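Subject: Structure for you to look at

Hi,

Here is the structure I promised to send over.

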Amino acid sequence: MDKIARIDMGAAGGPKVTVGPVGEYAGLGGRAMTSIVVAKEVHPLAHPLGAENKLVIAPGLLSGTTGSMTGRLSVGCKSPLTGTIKESNAGGQAAQVMARLGYAAVILEGKPTTDDLYKIVINKDGIQVIVDNSMRLLDNYPLVDKLRKEHGDKVAYMTIGTAGERKLLAASIACTDPELRPTRHCGRGGVGAVMGAKGIKAIILDDAGMKMRPPVDPEKFRDANRKFVEGLRKHPVTGEGLPAYGTNVLTNVLNEAGGYPTRNFKTGQFENSQDLSGETQAALETARGGSATHGCHRGCVIQCSGIYNDKDGNYVTKQPEYETVWSHGGHCGISNLDTVAKLDYMDDNIGVDTIEMGVTIGVAMDAGLCAFGDDEGAIKLMEEVGKGTPLGRVLGSGAAITGKVFGLERVPVVKDQALPAYDPRAIQGIGVTYATTTQGADHTAGYAIATNILKVGGDVDPLGTEGQVELSRNLQIATAAIDSTGMCLFIAFAIMDQPETFQALLDMLGGFHGIEMTGDDVVALGKKVLSVERDFNTRAGFTKQHDRLPRFFYTEPIAPHNQTFMMKDEELDEVFNFVE
């Protein structure tokens with residue numbers, strides 16, 4: 001990956017493509033690439049949907065290689081949802097293909113002066129930017145079907161649905177999976193709205209004629225990859241739980257722990273959680289001829305996804321993730337997996353973040369738009385988003401906007417981004433991450449659940465305050481580094497518990513690039529990324545007062561533990577004590 005492509009959508013005479021060397025961004029990938037480019041090149045006070053913002057698309061450092069678990073793609077910009085810097089990533093095939101084409105990043109700049117829609121075709125011969133208004137108001141599934149007829153089945157697609165086209169703040173960017181379904185989403189922060197603002201409806205990535213990226217030290221890389229895979233397969237989470245039941249294996253675990261937010265964060269347990277559990281879901285998928293085990297990209301050995309069919313054996317959606325089952329399920333008082341699967345399909349098709357939309361519907365239910373547990377009511381609200389009605393535009397702009405419009409006090413957001421599926425009053429460590437991450441409320445930024453609940457990498461009492469700041473800080477640093485490699489974040493379970501698997505990861509990176517990598521190098525990379533992100537947010541007007549949870553978490557105890565979020569402000573302010 002020795003080049004960067006810049007596509008100026010606002011250039012005189014039409015979009016202009018410039019391809020040049022990586023230059024000052026050499027050695028960066030994934031989140032490190034997107035955040036450092038955005039921090040350096042985007043004015044922090046720029047309007048997120050304006051010409052000054054940039055959408056940076058970057059494969060990870062190991063994407064496009066024979067290395068396992070290396071297919072994550074990062075997309076970065078100034079977020080229209082949060083106003084902060086944003087990195088959103090997804091699996092699927094796009095990262096591997098872009099990397100094999102030699103691009104360390106594709107940067108979308110400027111803004112067209114017309115309302116034309118464009119598709120971008122990237123292959124070994126270069127880049128074409130083509131006007132194609134026949135894509136207008138197509139959602140992701142019909143859009144990909146149309147594009148496949150034109151560009152074939154041996155490519156990867158990145159697309160936005162009507163939510164991105166309408167520039168809704170919850171809009172995502174879809175990446176196709178190995179079966180060319182638009183099911184893997186850069187979901188959080190409204191990145192799809194930024195792509196829509198730049199007039200880009202689809203990106204077609206074709207690596208025909210290109211080979212795998214070769215390592216500098218093939219033997220070292222191959223040996224390290226083998227040891228790395230062995231470590232993943234022998235860990236109980238990555239080798240057993242996730243392949244068997246997917247991420248939804250967490251439903252029973254979190255419900256038992258009292259950290260499963262129900263009916264818009266009113267209680268920490270859902271009486272019908274068993275109906276939504278990963279065990280129930282896997283059995284249902286298998287019985288209907290679907291699959292409880294499936295990889296979102298080639299080269300995945302964890303295989304935590306799946307295929308969800310209806311009662312007649314027809315495909316509905318990919319296996320809904322834990323976060324999706326929670327947000328559209330227990331959070332809304334809904335316990336029917338078929339309803340959750342339909343809503344998941346609608347999210348993917350319209351092109352919106354499943355966490356943001358599920359939380360938004362729960363907020364709407366709390367405001368009286370329909371009752372908790374009303375399956376049909378939830379589906380009708382999603383249909384409004386798909387139609388682009390005034391109500392749909394409010395809902396499609398996320399939980400914070402919806403809460404303001406309907407005058408609700410209990411709105412679970414940080415920096416206007418919806419909280420995911422773990423209540424911070426029952427799991428204090430994840431509350432620290434929600435409050436302080438540069439990205440707005442985000443569980444993946446520093447997954448304290450690993451140590452608070454699953455006891456991976458140690459044991460920190462989820463109900464206590466001791467050790468939570470250090471836990472979140474270390475996890476946020478490690479996550480920023482992993483997000484830069486192209487690796488799936490789920491490798492963290494194994495590398496936190498198995499020193500030899502962490503060493504194998506270091507040797508993969510070192511063998512590929514022909515350098516010696518140490519744990520200190522990983523920490524330094526993570527700190528660099530976070531420091532750059534914090535600096536951008538500071539220049540954008542964010543202060544330590546924004547690193548707080550909504551007040552109701554401090555004042556409303558949650559059952560069954562009947563406690564509040566207890567971390568002090570001064571403690572939260574210490575998370576980034578390594579940033580000058």
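**Helix contacts**

Gly30, Arg31 and Ala32 in helix α1 meet Thr479, Ala480, Asp483 and Ser484 in helix α19; contact here means heavy atoms within 4.5 Å. By class, these residues are two nonpolar, three polar and two charged (Ala, Val, Leu, Ile, Met, Phe, Trp, Tyr, Cys and Pro count as nonpolar, Asp, Glu, Lys and Arg as charged, and the others, Gly among them, as polar).

Before going further: this is a predicted model, where local features need pLDDT of at least 70 and side-chain atom pairs count only at pLDDT 80 or more, while totals for chains, interfaces and linings use all residues. Residues are numbered from 1 along each chain as its sequence is written, and side-chain values use heavy atoms, with hydrogens and water left out. Helices (H or I, at least four residues) and strands (E, at least two) are DSSP runs, numbered from the N terminus.

Back to that pair: α1 (residues 30-41) and α19 (residues 468-485) have axes 4 Å apart and pack at an angle of about 100°. Axes are lines fitted to C-alpha atoms, for helices over the stretch in contact, and angles run from 0 to 180 degrees between N-to-C directions. The two helices are therefore roughly perpendicular (angles of 65 to 115 degrees; under 35 is roughly parallel, over 145 roughly antiparallel, and the rest oblique).

α19 also packs against α22: their axes come within 7 Å and cross at roughly 95°, so this pair is roughly perpendicular too. On the α19 side the contact includes Gln476, Ile477 and Ala480, and on the α22 side Val522, Val523 and Leu525 are among the residues involved. The classes here are eight nonpolar, three polar and one charged.

**Two sheets**

Six strands make an open sheet with mixed pairing, in the order β2-β1-β6-β3-β4-β5; two strands pair if DSSP finds at least two bridges between them. β2 (16-21) and β5 (85-90) are at the edges with a single partner strand each, so one side of each has no neighbour in the sheet. From one strand to the next, the twist averages 20°. Inside this sheet, β3 (residues 55-59) and β6 (residues 103-109) run antiparallel and are joined by three bridges, with Ile57 partnered by Val106 in β6.

Two bridges join β13 to β14 (residues 305-309), and Ser291 stands opposite Ile307 in β14.

**A pocket**

The second largest pocket holds about 290 Å³ of space. (A pocket, on a 1 Å grid over the protein atoms alone, is an open set of points where a 1.4 Å probe fits, with protein on both sides within 12 Å along at least five of seven lines; lining residues have an atom within 4 Å of a point. Grid points are joined across faces, edges and corners, and the volume is the space filled by probe spheres set on the points.) It is lined by 20 residues, with Arg534, Thr538, Asp547, Phe576 and Val579 the closest to its centre. Helix α22 (residues 519-539) gives the most to the lining, with five residues. The lining divides into three nonpolar, nine polar and eight charged.

Most residues other than glycine have a negative phi, and most peptide bonds are trans. Phe265, in the loop between α8 (250-257) and α9 (273-276), has a positive phi of about 65°. Ala559 and Pro560 are joined by a cis peptide bond with omega about 10°, and Pro560 is in the loop between α23 (552-555) and α24 (569-572).

Cheers
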